[in-house]
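Subject: Structure handover

Hello,

Here is the structure I said I would pass on. Please open it and keep it beside this email while you read.

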Amino acid sequence: MFPDAHLNELYPRLAELSTPLARTRRLIVGRERETLQLKAALSRPELCNALLLAEAGTGKTALVHATMLADTSRLYLEIDLARMSSAAGDGELMAAVLKSFFDEAEAFVASENQELVIFIDEFHQLIQLSAAAAEAIKPVLAASGTRGIRIVAATTYEEFHRHIAANQPLVERLQRINLSPPDQDTTVRILQGMAEQYGVAAQFQDTHLYRQIYDYTQRYIPASAQPRKAILVLDSMIGWHRLTLRPLDHALLADVLMESLNVNVAVKVDASQIKEQLDATVLSQDWATRAVARRLQLSVAGLNDKGRPEASFLFTGSTGVGKATTSSTPVPVYTPDGSVAWKVAGALRPGDFTFSRRGTPQEVLAVFPQGIRDTFRVTLDDGRTLDVSDDHLWTAASGAEKETGTWSCYRTADLIDKDLVTHDRDGHETPTYFIPMNEAVQWPVAALPAEPYVVGFLLSTEAGHHGTPHSHRVPLPCRGRGRLPGLSTIAGTAWDRKRIPATFMTASIDQRWRLVRGLFDLGGSGGHAAEHDRVHISYAAPSAGLAADILTLLRSLGVPSRVRRAAPAERHSTHEMYIVDATAKEVDLHRFFSRAEDLSLTASPRPADAHRGLSGQHVGIRSITKLDRREQMVCIYVDDDEHLYLAGDFVVTHNTELTKQLAGLLFGDDERHLIRFDMTEFATDESLTAFRSELTRKVWDRSHAVLLFDEIEKASPMVTRVLMQVLDDGRLTDDHHREVSFLNTYIVLTTNSGAEIYSTIAHYAEDDTGSGKQLAEYAKLIRRSISETSADNRFPPELLGRIDTIVPFQPLSRATQQKIVRGKLRTLVQDVLAKHNMRVTMDPKVLQYLVDDKGDTHADAGGARAAVARMTDEVTTAVATFINENPSARGLRVDVVGDLVSDDKNLLSSDAHVEVSAMR
């Protein structure tokens, strides 16, 4: 719309579909060369049109504004494409609309004696409307010089290639001008001008915060371009400043980035405590935590490669640990045919199946020997015990916490220091800490020799139960004791020596409940009311053996229970009797009794010496005592989201992961910031799309995260190549053609490759700290073994080359390696001076140590890249650690201490190592 109403009447189409280009209030800087290019294009005598190509947000419109300010002889109009599309109605009529528009534009030039510059932003939208529209604009472009009409079109590279590039005649009529995003200095000048414009320049003492805005937006908003993304962040900060009067500082910048991008740049990791914090939860794995901690030092000091993820790890062998039970601890296991129902912990192997707290089978992913350890016996309130190490982990809750479902992770040593029981006025003890109860263990259906109910009934017959059974109106499947196979042995056994056959104890849930019903219909009693909706049920057994069997049977079904000797008044005979007490939901009485409706529930209290504190969901910890012996310990890593499994007499115990603790250390919230991918789900090429979509979506939602890729060797080769792209440049395109940044993620790959090496060195039992001395000696063999796991290209060497901790590359000559490493050392010195204002003095022997003494000439050793990796591991991490622990130091020295083999050929091995100290 022209400001002059008279012009609107003379040129209605021009006024309707375009507006004068508004003058920008923002300072335009850094586009001097591009402005000159555009002015030259508009000054051409014939084809005086331009096509501005740049990513969205780079400043195409700002360039036209800058040109307009310097070109006062022409009138600049901008086409409103939305209004033009509406006026045309459909794409086929667009040609007529365009013709009438440019006819009026030509008339305007002739009548008003003023040339026009028509700016068409998002030019591809006009071209893609219809082929007729594209053809209609070609004559206008061809005659632009003679008609006095200049056209400046703008679009992105992607849209240009998709909609315009194929139309060569159209492309030839436009002078192409590429706009690169402005560099940091230019963007800082733009932000300074913006701050002056809005009256907040006094809030900035120097350019430091502007540069942080640039750095953060470069790192965390790859899908947008400078300077738009930096401008948007500063704009948001100014908005918060105006509303809340908060100072424009790093804290406000951090809040804005968290609010708009879910990026937490305020995360602070105490570098001096990394190793200690990992060791507090990842136990007996000093070698593994040391390797992770050293790598994290780089990220904390800011000396890591900013073009890649923060760090990447390949976890092999002994990972995922954090607990230790005795090797002799029995563990219930699952096999499809039910042939094996129990194993001792020391006999477990990867691929076995234990049970989760919910009773479902879960795979054992790894087994880690922990050596001979001090042994502590944890006794639960129902009499069960489990022998563990002092650093064994427990998921537990205090009395108040368990009511709200708040569970925490405790070491055995932590619980020892707590008051585990309280005493009331009557002297009764009540537990203060509880662990979860298990649910029914899901063993498979067993091929039993007899009906379980009949077996249970016969076990109770003549066991002192001479009254009318609860099942007196329930017909038995077989009244004759010996008519079904397998029943004669039970019927012929003395009543005080009867035991439940082993095959019945590990049958399916339904089969075991039928066995329980047969037992309790004759030998059970129930009706004592308990708290809430629960009742107490008892079974009188004639022997400790049968009582123990019933106790194990009930616990396998998730029923809280215990055994006690019967008081004289409770005995059915003069013989010693054993009472199994259980607590069940009232609605579950039918599981115990065939005629549960006939039971008369009373409100009488439970027996005075009955078990206290039993419930259906948790059981108290009674005591923890140190035994006078040391035992072989083992740790298993199971595939369970809760990190829990059943050990011993169905005790719910803990399993944890190094990656989980890593996420907690870095981001505080391990559950939210640990993103796990089971790579067995992406084993086919067809799963590539799903993997890419899920990966980018989750990282877009949580850009600060630890990404765990379990069993990477099982992934499709195409999926593996996507990961290589992520490891290479830290970004990936999502379903919406939007770049997702992985630059603030920590990537962990796990693999079972190299298992044959680990099987050789698994006997490090005497090493209680997990220091990894034997592992270090086999490090080269481990790398080679993994690099050879390349069947179907599932674990290609080029993937290993992109992982920070395992780097097998082709070897180069010593001279070439020295040249490359020398340059890297020089860069390190410069980085430390620029980022920390510390001068670094480098011992000349450092280069000799890295290339000559620590070099490996094996073809898979990694050559120069491996030498650089050694430099990072032994020099850069040591420098980073010194800086983090001594931030006020003005300088440091890097020395090689010890004798080098390359100096003395008589030495069989070198004791040399790198030391970093304060500069004298």
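Which residues of H13 are buried? They are Leu-209, Tyr-210, Gln-212, Ile-213, Tyr-214, Tyr-216, Thr-217, Arg-219 and Tyr-220. Buried means under 20% relative accessible area, exposed means over 50%, and partly exposed lies in between (1.4 Å probe, protein chains only). Helices (H or I, at least four residues) and strands (E, at least two) are DSSP runs, numbered from the N terminus.

Some notes on the source. The model is predicted, so local features need pLDDT of at least 70 and side-chain atom pairs count only at pLDDT 80 or more, while totals for chains, interfaces and linings use all residues. Residues are numbered from 1 along each chain as its sequence is written, and side-chain values use heavy atoms, with hydrogens and water left out.

The whole chain

The chain has 920 residues, and 52% of them count as buried. Its secondary structure comes to 36 helices and 33 strands. A contact means heavy atoms within 4.5 Å. Among contacts in the chain with a separation of 6 or more, 73% are between residues 24 or more positions apart. The accessible surface is about 40,300 Å², and 49% of that belongs to carbon and sulfur atoms. Accessible areas come from the Shrake-Rupley method with a 1.4 Å probe; for residues, only the protein chains shown count as cover.

Aromatic rings

Rings of Phe, Tyr and Trp (its six-membered ring) pair if their centres lie within 6.5 Å; planes under 30 degrees apart count as stacked, over 60 as edge-to-face and the rest as tilted. By this rule there are 15 aromatic pairs. One of them is the stacked pair of Phe-204 and Tyr-210, at 4.3 Å centre to centre with 20 degrees between the planes. Both Phe-204 and Tyr-210 are buried.

Phe-677 and Phe-691 make an edge-to-face pair, because their ring centres are 6.0 Å apart and their planes are at 70 degrees. Phe-677 is in strand S26 (residues 674-678) and Phe-691 is in helix H28 (residues 688-701), 14 residues apart. Phe-677 and Phe-691 are both buried. The charged end of Lys-698 sits over the ring of Phe-677, 5.2 Å from its centre. A charge sits over a ring if NZ of Lys or CZ of Arg is within 6 Å of the ring centre and within 35 degrees of the ring normal.

Ring pairs also link Trp-513, Phe-520, Tyr-539, Phe-592 and Phe-593 into a cluster.

Single residues

Arg-893 lies in strand S32 (residues 891-897) and counts as partly exposed at 25% relative accessibility. Leaving aside residues up to four places away in sequence, Arg-893 touches Thr-841, Glu-915, Val-916, Ser-917, Ala-918, Met-919 and Arg-920. Its C-alpha atom is 7.6 Å from that of Asp-843, although Arg-893 and Asp-843 are 50 residues apart along the chain. The side chain of Arg-893 also makes a polar contact with the side chain of Asp-895 (2.8 Å). A polar contact is a pair of N or O atoms within 3.5 Å; within protein, one must be able to donate a hydrogen and the other to accept it, and residues adjacent in sequence count only if both atoms are side-chain atoms.

Gln-362, in strand S12 (residues 361-380), is buried at 4% relative accessibility. Its side chain reaches the backbone oxygen of Phe-355 at 3.3 Å.

Backbone exceptions

Most residues other than glycine have a negative phi, and most peptide bonds are trans. Asn-113 has a positive phi of about 55 degrees; Asn-113 lies in the loop between helix H6 (94-112) and strand S4 (116-120) and is exposed, at 71%. The peptide bond from Gln-226 to Pro-227 is cis, with omega near 5 degrees. Pro-227 lies in the loop between H13 and H14.

Regards
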